[in-house]
Amino acid sequence: MDLNFNLHSRQLEVYKSEARFKVVAAGRRFGKSYLATVMLLLKALSSPKKTAKIWYIAPTYGQAEDIMWDMLMEIGGDLIVAKWKNKLTVELVNGMKITLKGADKPDTLVGSGLWYVVLDEFADMKPDVWEQSIRPALADNKGDALFIGTPEGLNHFYEVWLQGTKSEFTEWESFQF
C-alpha cells in the first residue's frame, strides 16, 4: 500500500516535529486541511491501542463534515474499510476509527482515551474546549494534538501558539507560514 502523501516542505516540517502539541498558524491555501488529514491517518495507523480515539474537531459539526469528510474519503482511499457518514466516522484497515466532531456541542467532546486530535480553526472555538474537554481526554494515553488555523488577532489560538515559542513549554512547538 502506497503511503506517499506528497507533503510539501513546510508540511513535512510540521509532520517531522517530535512535539506533542503542534500549533500551525498559516494563511489560506497552505494546505492545513490536507496536512491534518494525513496526520489523522498516520496517527490512526500507528496507534498502539485499538480502543484509543482519534478526532478531528472543527468549530461546528457542519464545518467538520464540509471541511474534512470528502478529503478523508479521497486521501484515505484503500486505508478505509468502513464508513458511517451519519456519525462522521471511518474505520481503517487496522481497526482504528477516526471521528469528525464539532466544538459547538461540547458535551460530545467529553470522554477518555483520546490518542490524537486535530483542532481546526481553533480561534473560532470557545477557549474552554481545549482546557475543559480535550486536554483532560488526552491525559489517559498521553495523546497528541495539532492546532491549525488562520491567524485572527490576539485570541486563545494566539495564546496556544505562544506556548510553542517558549522554551519552558517543552512539549509544544509552533509554526507560522
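Visitor: Which residues lie nearest the centre of the largest pocket?

Guide: In this predicted model, the largest pocket has a volume of about 310 Å³, and helix 2 and helix 3 are the elements that give two or more residues to its lining. The lining comprises 13 residues. Those that lie nearest the centre are Arg29, Gly31, Lys32, Ser33 and Ile67.

Visitor: Which element gives the most to the lining of the largest pocket?

Guide: Helix 2 covers residues 32–46, and its buried residues include Lys32 and Ser33, both of which are also among the residues nearest the pocket's centre. With 3 residues, the element that gives the most to the lining is helix 2.

Visitor: How far apart are the end C-alpha atoms of helix 2?

Guide: Helix 2 has 15 residues, and at 1.5 Å a residue it should span 21 Å. The model agrees with this expectation, because the end C-alpha atoms are apart by 21 Å.

Visitor: In what order do the strands of the open sheet run?

Guide: The sheet has 8 strands with mixed pairing, and strand 3 (80–84) and strand 8 (172–176) are its edge strands, each pairing on one side only. Within the sheet, strand 2 and strand 6 pair in the parallel sense over 5 bridges. The order is 3-4-5-2-6-7-1-8.

Visitor: At about what angle does helix 4 run to strand 6?

Guide: Helix 4 (residues 128–139) lies across strand 1, strand 2, strand 6, strand 7 and strand 8. Strand 6 itself holds Tyr116, the bridge partner of Ile54. Relative to strand 6, helix 4 runs at about 150°.

Note on methods
Residues numbered from 1 in each chain as written. Predicted model: local features only at pLDDT ≥ 70, side-chain atom pairs only at ≥ 80, totals over all residues. Heavy atoms only, no water. Pairing = 2+ DSSP bridges. Helix = DSSP H or I, 4+ residues; strand = E, 2+ residues; numbered from the N terminus. Contact = heavy atoms within 4.5 Å. Axes fitted to C-alpha atoms, helices over the stretch in contact; angles between N-to-C directions. Expected span 1.5 Å × (residues − 1). Buried < 20%, exposed > 50% of the residue type's maximum accessible area, 1.4 Å probe, protein only. 1 Å grid on protein atoms, 1.4 Å probe; cavity = no way out; pocket = protein on both sides within 12 Å on 5 of 7 lines; lining within 4 Å. Points joined across faces, edges and corners; volume = space filled by probe spheres on them.
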